[in-house]
There are 2 protein chains.
Amino acid sequence: MANRKDVAKLAGVSEATVSRVFNNIGPLRQETKQKVLQAAQHLNYHPNAIAQSFARGKSNNIGVIVPYFQKVNLMSTHYFSELLSGIGAKLSELGYGLLLLYQSPDESKDYVKLFHTQKVDGCIILGSKDVPGEVEALDKLHQLQLPYCLVNQTFSGYPFHSISADHLDGSLQAVSSLIMQGYKKIIFLNGPTEFSNSIDRLKGYETAMIKAGIPYNPKFVFQGNYSLKSGYLAARGIASLLPEINAIFAGNDRMAIGLMQGLSEQGYQASRDYALIGYDDSEISSITSPPLSTVHVPLFDMGQLAAEKVLQLISQGTMTVIKEQLPVTFIERASSQLRTPYTKQS
Amino acid sequence: MANRKDVAKLAGVSEATVSRVFNNIGPLRQETKQKVLQAAQHLNYHPNAIAQSFARGKSNNIGVIVPYFQKVNLMSTHYFSELLSGIGAKLSELGYGLLLLYQSPDESKDYVKLFHTQKVDGCIILGSKDVPGEVEALDKLHQLQLPYCLVNQTFSGYPFHSISADHLDGSLQAVSSLIMQGYKKIIFLNGPTEFSNSIDRLKGYETAMIKAGIPYNPKFVFQGNYSLKSGYLAARGIASLLPEINAIFAGNDRMAIGLMQGLSEQGYQASRDYALIGYDDSEISSITSPPLSTVHVPLFDMGQLAAEKVLQLISQGTMTVIKEQLPVTFIERASSQLRTPYTKQS
DNA sequence: TGAGAGAATGAACGCGTGTACATTTTATGT
DNA sequence: ACATAAAATGTACACGCGTTCATTCTCTCA
């Protein structure tokens with residue numbers, strides 16, 4: 001493997017000059033540049049990335065932390081895929097590498113160590129939860145002013161850098177659309193409350209109800225874990241309420257679809273017997289029967305933005321706290337428009 | 001940031017000894033080890049990963065190359081997610097990092113450069129296609145005996161390292177199951193033939209037909225691009241044949257589901273009017289109505305195996321060509337079992 | 001108690017690059 | 001032609017670690 005010394009010798013210049021050519025630094029005679037480039041090409045020389053990282057004291061990699069579940073593989077959702085693509089697109093555009101880090105639930109979270117070992121210059125944390133240990137780990141990151149960014153998760157009381165979407169508004173729009181159709185009793189199938197976005201959706205649900213003068217009834221709030229199966233399982237409990245109520249809002253599309261299936265096995269069909277709205281606008285939502293009303297979340301853009309912000313933190317050193325919320329869009333499809341409304345309303 | 005020198009000074013030993021402690025090398029007095037570890041802890045010392053890579057001459061990272069499409073984001077399929085998870089699980093188990101590399105279609109493929117720059121010690125290539133330039137790039141990798149592994153793609157005439165699944169058998173099983181039910185005219189909605197696994201499936205389809213003494217009819221073979229939409233669009237052409245035929249085999253679940261939706265808009269329902277089989281056993285296949293018959297592919301295992309093999313190539317230097325094929329399993333669900341069979345058969 | 005062997009530790013260098021500083025070359029104006 | 005500044009290039013070292021080889025220490029046995 002050819003190195004700088006070889007190129008310098010072949011081109012008849014010093015190593016520093018080779019370095020200058022490859023980094024476009026300082027005044028250089030055009031003729032010298034050509035000599036060096038030719039020599040480099042002849043030797044098939046490429047600067048050694050590790051040595052560069054070493055000399056520069058930075059890895060040029062961004063770590064992306066993804067939760068890893070052995071059974072319920074969240075990666076199979078379009079959620080992480082979209083975020084990852086957004087992040088990857090922006091990073092490679094700006095010459096950074098993407099180090100994918102699966103976080104096993106058992107091992108202790110030590111984000112700071114990633115920086116100590118210089119494996120990454122910054123990190124983006126996906127799917128973090130409000131569980132013991134997490135806040136402390138993040139706080140340490142923040143206190144040390146290390147470049148990081150959370151995605152779709154906030155922690156009340158802690159001014160962590162984060163990119164999220166306006167899930168309160170999303171739920172509000174979704175639930176309001178049901179209310180406007182005349183529904184007063186609306187079931188909400190929420191995700192785990194360790195995710196702040198679950199809490200945001202709950203707030204949106206409550207807000208919509210209160211706005212409409214409908215009292216908040218905790219009996220109508222169910223909880224799943226965002227998996228297809230949990231939606232399917234929730235069908236049992238929800239079915240018993242269906243004669244009374246016929247509007248459901250689910251925290252994501254997967255639960256909504258699982259629920260749809262579970263309810264159909266009990267004889268209830270979406271858009272015929274009850275109105276249903278999902279969340280995320282995953283690809284599949286548009287082709288269920290009936291097509292699923294949902295809320296579009298700009299995941300790709302969020303990923304891009306998070307990457308951008310982390311790189312800004314890296315280049316600008318410190319910075320005011322990042323806290324951006326991207327807008328979401330309610331998408332009305334057939335599932336939330338009951339063909340025979342009011343028939344079972346109280 | 002503390003370094004080895006600081007630890008050595010505080011512990012009152014030489015730098016070499018610190019190194020020995022952290023690498024568990026050579027005979028060490030227990031007492032010395034403790035001193036060093038305490039000093040390290042006190043200074044919050046962690047060996048610098050970049051410097052280690054530099055000194056050892058290897059990055060300790062494996063590059064995973066993933067195709068990147070701006071519009072049709074393949075990452076949103078469970079296909080890449082499962083593979084990635086498998087790879088990630090195995091790599092982190094063995095102490096390697098996963099560098100995710102999105103391959104833009106425009107830029108020239110130069111896998112070798114990744115090694116020249118020392119960014120990775122090996123690479124795993126997902127979703128490569130048989131297009132001009134690809135074979136040459138791979139051949140160069142192979143000639144230079146660099147550690148790499150293809151997943152789910154082979155190139156006839158080239159003994160590239162690869163891990164795949166037995167898609168010929170998968171299709172054979174699927175199509176045979178239709179034949180055994182009495183269907184003689186079976187439509188095959190294939191994916192792009194630049195993927196060797198598409199070709200394998202076609203062979204499986206043909207083999208099953210020939211085995212049953214049914215002549216191969218190219219009129220019954222359609223082509224999509226593995227996207228939901230392409231399945232949906234294929235519905236038009238296929239619908240015109242449905243009065244005559246009523247069994248369809250699709251190259252993946254997404255196309256099958258798109259097709260199902262498209263055909264339902266024309267009044268045809270799976271399992272009532274036609275039998276349908278998909279491929280991949282993606283999560284969604286089990287909850288469509290009717291549940292989709294499909295072929296399970298052990299993607300997670302394939303990812304793990306590919307990672308294992310690349311690491312073997314790294315540690316053992318050269319090696320005989322890797323060419324493993326994992327078995328697949330046909331999963332029969334309602335969609336392929338016509339409720340009123342033979343009614344429209346010729 | 002002293003020699004010898006083996007255990008334990010230290011000293012020194014290389015890995016390939018970035019870069020501050022020193023030096024040489026070239027251009028400019030007289 | 002010469003002084004001067006600016007442009008172009010060279011020299012030398014640092015970065016943090018792995019590792020080889022040399023050195024010191026410790027223990028055993030006579």
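Reader: Where do A:Lys90 and A:Glu93 lie, and how far apart are they?

Author: In this predicted model, both sit in helix H5 (residues 78-93) of chain A, three residues apart, about one turn of the helix.

Reader: What makes A:Lys90 and A:Glu93 a salt bridge?

Author: Their side chains meet at 3.6 Å, N to O. A salt bridge needs a Lys or Arg side-chain nitrogen within 4 Å of a carboxyl oxygen of Asp or Glu, so the pair qualifies.

Reader: What does the pair of A:Asp281 and A:Arg333 tie together?

Author: A:Asp281 forms a salt bridge with A:Arg333, the closest N and O atoms being 3.2 Å apart. A:Asp281 lies in the loop between strand E9 (275-277) and strand E10 (294-296) of chain A, and A:Arg333 in the segment after strand E12 (329-331), so the pair links parts that are 52 residues apart in sequence. A:Asp281, at 18%, counts as buried, and A:Arg333, at 17%, is buried too.

Reader: How do you know that the salt bridge of B:Arg254 and A:Glu283 crosses between chains?

Author: The side chains of B:Arg254 and A:Glu283 meet at 2.9 Å, N to O. The pair runs from helix H11 of chain B to the loop between E9 and E10 of chain A. B:Arg254 has a relative accessible area of 12% and is therefore buried. A:Glu283 has 33%; this falls between 20% and 50%, so A:Glu283 is called partly exposed.

Reader: How many salt bridges are found across the interface of chain B and chain A?

Author: The rule finds two. The interface also has ten residue pairs in polar contact. On the side of chain B that touches chain A, the largest share, seven residues, comes from H5(B).

Reader: Why does B:Asp121 have no salt bridge?

Author: B:Asp121 is buried, and the nearest side chain of opposite charge, B:Lys58, is 4.4 Å away. The cut-off is 4 Å, so B:Asp121 and B:Lys58 do not count as a salt bridge. B:Lys58 is still among the residues that B:Asp121 touches.

Reader: What does the side chain of B:Asp121 reach?

Author: It reaches the backbone nitrogen of B:Asn60 at 2.6 Å. B:Asp121 itself is found in the loop between helix H6 (111-116) and strand E3 (122-126) of chain B.

Key:
Residues are numbered from 1 along each chain as its sequence is written. Chains are lettered from A and ligands numbered from 1 in the order in which they are written. This is a predicted model: local features need pLDDT of at least 70, side-chain atom pairs count only at pLDDT 80 or more; totals for chains, interfaces and linings use all residues. Side-chain values use heavy atoms; hydrogens and water are left out. Helices (H or I, at least four residues) and strands (E, at least two) are DSSP runs, numbered from the N terminus. Buried means under 20% relative accessible area, exposed over 50%, partly exposed in between (1.4 Å probe, protein chains only). Lys and Arg count as positive and Asp and Glu as negative; His and the chain ends are not counted. A polar contact is a pair of N or O atoms within 3.5 Å; within protein, one must be able to donate a hydrogen and the other to accept it, and residues adjacent in sequence count only if both atoms are side-chain atoms. Contact means heavy atoms within 4.5 Å. Lists of a residue's contacts leave out its neighbours within four places in sequence.
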